[in-house]
2 protein chains.
Amino acid sequence: MNEKEIITFSAYGGCYVIRGNGAIESAKLGAVGVIIRSLGLPVDEHPHTGSMHYEDSIQKIPAAALATKDADILSNYLKTSKVRFAYEMDCKNFPDAVSYNVIAELTGSEKPNEIITFGGHLDSWDTGEGAHDDGTGVIHCLEALRILKTLNYKPKHTLRVVFFMNEENGNKGGQTYATWSKSRGDIQIAAVESDRGGFAPRGFEIDGNEKYLNLLQSFAPIFKPYDLHIFDKGYGGVDIGPLKKSFEGIPLFGFVPDSQRYFDFHHAPSDVFESVNKRELELGCAAIGSLVYLLDKNISF
Amino acid sequence: MNEKEIITFSAYGGCYVIRGNGAIESAKLGAVGVIIRSLGLPVDEHPHTGSMHYEDSIQKIPAAALATKDADILSNYLKTSKVRFAYEMDCKNFPDAVSYNVIAELTGSEKPNEIITFGGHLDSWDTGEGAHDDGTGVIHCLEALRILKTLNYKPKHTLRVVFFMNEENGNKGGQTYATWSKSRGDIQIAAVESDRGGFAPRGFEIDGNEKYLNLLQSFAPIFKPYDLHIFDKGYGGVDIGPLKKSFEGIPLFGFVPDSQRYFDFHHAPSDVFESVNKRELELGCAAIGSLVYLLDKNISF
């Protein structure tokens, strides 16, 4: 990953294809297996997992990721000598099984059919605990709703928290939610996602038109005393992405925490409860609760 | 500490007096000893140290700080029952001993007598290793100078790194540096301090007049792509503070990293090497190197 990218997600995006398409492209060149350096920033002993693809017409070869530290050792060996590398893997694809999104809401007092959805995803890769990806996103949204409920806030629109299933491996939770919501007659007016870790809040990005960008930027002075400063066009989130197809013009908001430490943990054995800082997590909850409140008060669809 | 303060240093400032003047004020009221809850944000098992004062005319009573977790247990006992509390301390005041500031510089090519000082402090409280307070500040400035030297940069003014001694217990390093610099005929034109931890950079504060505030704010667009966004009036630092007396009108710049985790470590056994994130530290070095470069290029005294 390119350490010079200040936003670590850009560095990840820049080499995601190595893991995602490595097996396909290597097999085309005659490889019998592919082994990559884990997509992470620190040089450490934690191998990272993540999605990768095969094509049915191309030989499906074994593919794995070494920890960055181990990959560097292997790379050094390769520079000076002939290396024989053996690996044994017992991965299997099991048939799909039924799982569920988890949904909670405060029903709108004026426009109950108009929904503001906010959520994170419930599934995670199994090398760690999925604390930052996306346990913190789930807690951000759960706590945001709890704060509003505790304050006895009566929303105009329905405020709906969704813990999405299967973000990591096909996004079926996000897709199913969008079609289910459409089919029952919901009017989705905005959606917010937290899926970038539980670090100190920096702001929000918006995937939406100028009107909603202006709305988001009108909130900037309210967030400034809390050091949130990013209110730009950008990306919403994987889980809420399918809402765009079912509800044309819906603005999607992506919560932007500080990204510097995210790839110390992402998809790795280090992504455990202890890696989450309580205060940083709480600030994220407050930021998302505030955005949802401001949207409920100010958005016109 | 008041968790609602978004800048944790404000929360610290708000209750510093409890530790600083606790022994004096308690003795006035007839106390035989004082024990406080550590000045820190998390509820944990690390007791915090820090400066405290006596007055010669007031009985000097024993004073200590419990870890926040232990203080809460004690406080609960006190609510429900009569508590007998005993403590044994073997603290001593030793006579002053000679120690030194450590200084390195790139001599200015055009105006060698005009100095831009930047530094952190070398001493620390001995409960931990002083990694964030102020090992990272020292490394920020050392590395900033190394970067400029490696780039073969020829500064107009003399760029001088100072590792100050005795910040924690009297600021004699900072005071001595200011008078020494004045006495040898230096013209100090700006000073920068890093003493707020090794976390992700958010910007710089300035203690100086409008002209220098405007100069600092003219740098904001250059720093924006790296997510630095704080360029406001504020505080420089303890070590560079005495320069104001010796060099009237000198602008002082304080490096502002994210403060959310600082009081997890400050003056506590947890302030160790492992608590510093390499990438966050490197970003701080780059920020300070960039500010020093921009000052050298643009400042007029």
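Q: Starting with A:Arg261: buried or exposed?
A: A:Arg261 is buried, at a relative accessible area of 9%. Buried means under 20% relative accessible area, exposed means over 50%, and partly exposed is in between (1.4 Å probe, protein chains only).

Q: What kind of model is this?
A: This is a predicted model, in which local features need pLDDT of at least 70, side-chain atom pairs count only at pLDDT 80 or more, and totals for chains, interfaces and linings use all residues. Residues are numbered from 1 along each chain as its sequence is written, chains are lettered from A and ligands numbered from 1 in the order in which they are written, and side-chain values use heavy atoms, with hydrogens and water left out.

Q: OK, back to A:Arg261. Which residue does A:Arg261 form a salt bridge with?
A: With A:Glu280; the closest N and O atoms are 2.5 Å apart. A salt bridge here is a side-chain nitrogen of Lys or Arg within 4 Å of a carboxyl oxygen of Asp or Glu.

Q: Where do A:Arg261 and A:Glu280 lie?
A: A:Arg261 is in the loop between β9 and α9 (278-298) of chain A, and A:Glu280 is in helix α9 of chain A, so the pair ties together parts 19 residues apart in sequence. The element names come from DSSP runs, numbered from the N terminus: helices are H or I with at least four residues, strands are E with at least two. A:Glu280 is buried too, with a relative accessible area of 2%.

Q: Which residue of chain B does A:Glu280 form a salt bridge with?
A: B:Arg261, with the closest N and O atoms 3.5 Å apart. This pair crosses between chains, going from helix α9 of chain A to the loop between β9 (252-257) and α9 (278-298) of chain B. B:Arg261 counts as buried at 8% relative accessibility.

Q: How many salt bridges are there over all chains?
A: The search of the whole structure finds 31. One network of salt bridges links A:Glu105, A:Arg160, A:Arg184 and A:Asp186.

Q: And B:Lys278, which residue pairs with that?
A: B:Glu282, with the closest N and O atoms 3.2 Å apart. They are four residues apart in helix α9 of chain B, which means about one helical turn separates them. B:Lys278 is exposed at 58% relative accessibility, whereas B:Glu282 is partly exposed at 38%.

Q: New topic. How many helices and strands in chain A?
A: Nine helices and nine strands.

Q: What order do the strands take in the open sheet?
A: The sheet has seven strands of chain A in the order β3-β5-β4-β6-β9-β7-β8, with mixed pairing. Two strands pair if DSSP finds at least two bridges between them. β3 (102-106) and β8 (230-233) are at the edges with a single partner strand each, so one side of each has no neighbour in the sheet. From one strand to the next the twist averages 20 degrees.

Q: How many bridges join β7 to β9 in chain A?
A: Six, between β7 (residues 201-207) and β9 (residues 252-257) of chain A, which run antiparallel. One partner pair is A:Gly203 with A:Val256 in β9(A).

Q: Which strands does helix α5 of chain A lie across?
A: Helix α5 (residues 172-183) lies across β3, β4 (111-121), β5 (157-164) and β6 (187-193) of chain A, at about 150 degrees to β5(A). Helix α6 (residues 210-218) of chain A also packs on the sheet, touching β7, β8 and β9, with its direction at about 175 degrees to that of β8(A). Axes are lines fitted to C-alpha atoms, for helices over the stretch in contact, and angles run from 0 to 180 degrees between N-to-C directions. Contact means heavy atoms within 4.5 Å.

Q: Where is the cis peptide bond in chain A?
A: From A:Asp133 to A:Asp134, with omega near 15 degrees. A:Asp134 is in helix α4 (residues 131-150) of chain A. In chain B, the bond from B:Asp133 to B:Asp134 is cis as well, with omega near 10 degrees.

Q: Last one. What is the phi of A:Asn171?
A: Positive, about 60 degrees, although A:Asn171 is not a glycine. A:Asn171 is in the loop between β5 and α5 of chain A and counts as buried at 11% relative accessibility.
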